[in-house]
Amino acid sequence: MSDHPTSIELTGCAKTFTDGTPAVRRADLQIAGGETLVLLGPSGCGKTTLLRLIAGLEQPDAGGRVLFAGTDVTDQPIERRRVGMVFQSYALFPNMSVRDNVGYGLRVRRWSRRARRERVDELLSMMRLDELGDRHVDQLSGGQRQRVALARAIAIEPHVLLLDEPLTALDALLRERLRVELDQLLRRLGTTTVYVTHDQAEAMALGDRLAIMNAGEIVQLASPEEVYFQPADGFVADFVGTINRLAAATRDGRLEVLGTEIGPCADNNSAVVRSVLVRPENVTVCAPDAAHFVGTVETALFLGDRQRVVLAGIGHRGLAVDAPARADVRVGQRLPVRLDTDHVILSCEPELETTE
Ligand SMILES: Nc1ncnc2c1ncn2[C@@H]1O[C@H](COP(=O)(O)OP(=O)(O)O)[C@@H](O)[C@H]1O
Ligand SMILES: [Mg+2]
């Protein structure tokens with residue numbers, strides 16, 4: 001829909017609320033035209049505030065700048081930025097029909113009745129809501145309402161689409177279905193999109209890049225693959241999936257984990273290695289003579305496509321391991337495992353947080 005997708009740039013953007021809360025500490029961010037950037041982080045980390053800064057619903061602290069397509073829009077209110085927004089609570093007009101909700105922004109912009117009708121028809125069909133145009137929105141399911149909210153947001157052909165946890169209110173099945181539809185829609189539209197979520201699966205599926213936020217700061221900005229396979233720190237590693245942390249050291253070019261040598265250490269940077277991070281899918285159940293460690297099965301959770309096993313006696317917190325779905329794993333059993341040495345991540349953070 002956008003012929004020239006709008007790039008977004010934030011420089012030195014912080015937001016401290018009048019009560020002193022530093023909701024965003026500092027954000028320097030460049031979003032390419034047509035890109036979908038996902039802001040991912042725990043509740044209260046500043047995602048909504050950052051989105052509102054982009055929208056023009058909040059002003060950054062002195063010195064912060066927001067640019068759309070290279071033009072400084074910091075002092076422009078939301079009406080002048082051509083952004084479409086969708087919130088978690090869809091905030092539709094309850095007494096209006098689907099059609100009137102979707103066409104609302106066009107009416108405000110004084111489109112003719114005929115042009116409005118054509119555009120709304122097009123959007124209803126895109127969202128597969130054709131049959132529901134004359135219904136009141138309070139007669140719709142959650143998923144249908146969410147699609148009306150999206151249709152309303154894109155009706156005005158926004159240069160920038162801002163979505164704040166738009167799927168959170170839906171049940172799991174619907175969320176997964178709409179996630180796929182949304183992904184296709186965003187790619188088709190080519191609109192620059194900033195998508196806020198605290199759901200890592202949603203973030204991975206939708207984002208061209210992810211900005212992982214913690215306590216008002218962007219701690220990593222990278223592709224989903226990079227965030228998952230090369231997390232910037234322990235916080236990111238934990239936030240985007242389960243990960244084990246085990247005490248480690250390097251000695252004469254060899255890597256030792258919990259005192260066991262597991263292989264050569266290719267890493268030639270001089271930072272002191274204190275632990276390794278390894279995901280459950282990179283620990284495999286193996287024959288006893290190939291084992292790096294042996295642990296006692298504490299729990300085994302059947303997940304359909306695999307089993308998530310926790311082994312006691314390996315590291316301080318136990319070791320999470322993925323075992324094949326059909327493997328015979330029983331609580332109390334001794335299980336030999338080995339680390340997939342190509343996929344352990346070296347870290348200079350210690351195994352245990354001393355601040356806990
Ligand atoms: N209007 C406000 N006044 C004061 N503090 C606020 C306001 N809005 C949000 N905050 C605070 O700023 C922090 C970040 O909030 P928010 O951006 O909503 O986080 P998220 O969307 O990641 O959950 C939180 O500590 C929140 O309580
Ligand atoms: Mg929020």
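A salt bridge is a side-chain nitrogen of Lys or Arg within 4 Å of a carboxyl oxygen of Asp or Glu. The views below come from a predicted model.

**View 1. R99 and D121 form a salt bridge between two helices.** Their side chains meet at 2.7 Å, N to O. R99 lies in helix 2 (residues 98-108), and D121 lies in helix 3 (residues 113-126). The pair therefore ties together parts that are 22 residues apart in sequence. R99 is buried, with a relative accessible area of 16%. D121 is partly exposed, at 32%.

**View 2. R187 and D208 pair by a salt bridge.** The distance here is 3.5 Å, N to O. R187 sits in helix 5 (residues 172-189). D208 sits in the loop between helix 6 (200-206) and strand 9 (209-214). Parts that are 21 residues apart in sequence are tied together by this pair. R187 is partly exposed, with a relative accessible area of 49%. D208 is also partly exposed, at 31%.

**View 3. T36 is a buried residue of strand 3.** The strand covers residues 36-40. T36 has 4% relative accessibility. It counts as buried because that value is under 20%. Leaving aside neighbours within four places in sequence, T36 touches L186, T193, L206, G207, D208 and R209. One of these, D208, also forms the salt bridge with R187.

**View 4. T71 lies in strand 5.** That strand spans residues 71-72. T71 is partly exposed, with a relative accessible area of 44%. T71 and I8 are 63 residues apart in sequence. In space, their C-alpha atoms are 9.2 Å apart.

**View 5. D28 and R26 meet in a salt bridge.** The N to O distance is 2.7 Å. D28 is partly exposed, at 40% relative accessible area. A search of the whole structure finds 20 salt bridges.

**View 6. Domain 1 meets domain 2.** Domain 1 covers 8-238, and domain 2 covers 242-347. Their centres, taken over C-alpha atoms, are 39 Å apart. Seven residues from domain 1 and six residues from domain 2 make the contact. Together the domains bury about 560 Å², with 48% of it on carbon and sulfur atoms. Y228, A237 and D238 supply 64% of the area that domain 1 buries against domain 2. Three residue pairs are in polar contact between the domains, but the count of salt bridges there is zero. Helix 7 (224-229) and helix 8 (234-239) each supply at least two residues of domain 1's side. That side divides into five nonpolar residues, one polar and one charged.

Terms used:
Residues are numbered from 1 along each chain as its sequence is written. Chains are lettered from A and ligands numbered from 1 in the order in which they are written. This is a predicted model: local features need pLDDT of at least 70, side-chain atom pairs count only at pLDDT 80 or more; totals for chains, interfaces and linings use all residues. Side-chain values use heavy atoms; hydrogens and water are left out. Domain bounds come from an automatic or database domain assignment. Contact means heavy atoms within 4.5 Å. Buried area is the accessible area (1.4 Å probe) that two parts lose on being put together, summed over both. A polar contact is a pair of N or O atoms within 3.5 Å; within protein, one must be able to donate a hydrogen and the other to accept it, and residues adjacent in sequence count only if both atoms are side-chain atoms. Helices (H or I, at least four residues) and strands (E, at least two) are DSSP runs, numbered from the N terminus. Ala, Val, Leu, Ile, Met, Phe, Trp, Tyr, Cys and Pro count as nonpolar, Asp, Glu, Lys and Arg as charged, and the others, Gly among them, as polar. Buried means under 20% relative accessible area, exposed over 50%, partly exposed in between (1.4 Å probe, protein chains only).
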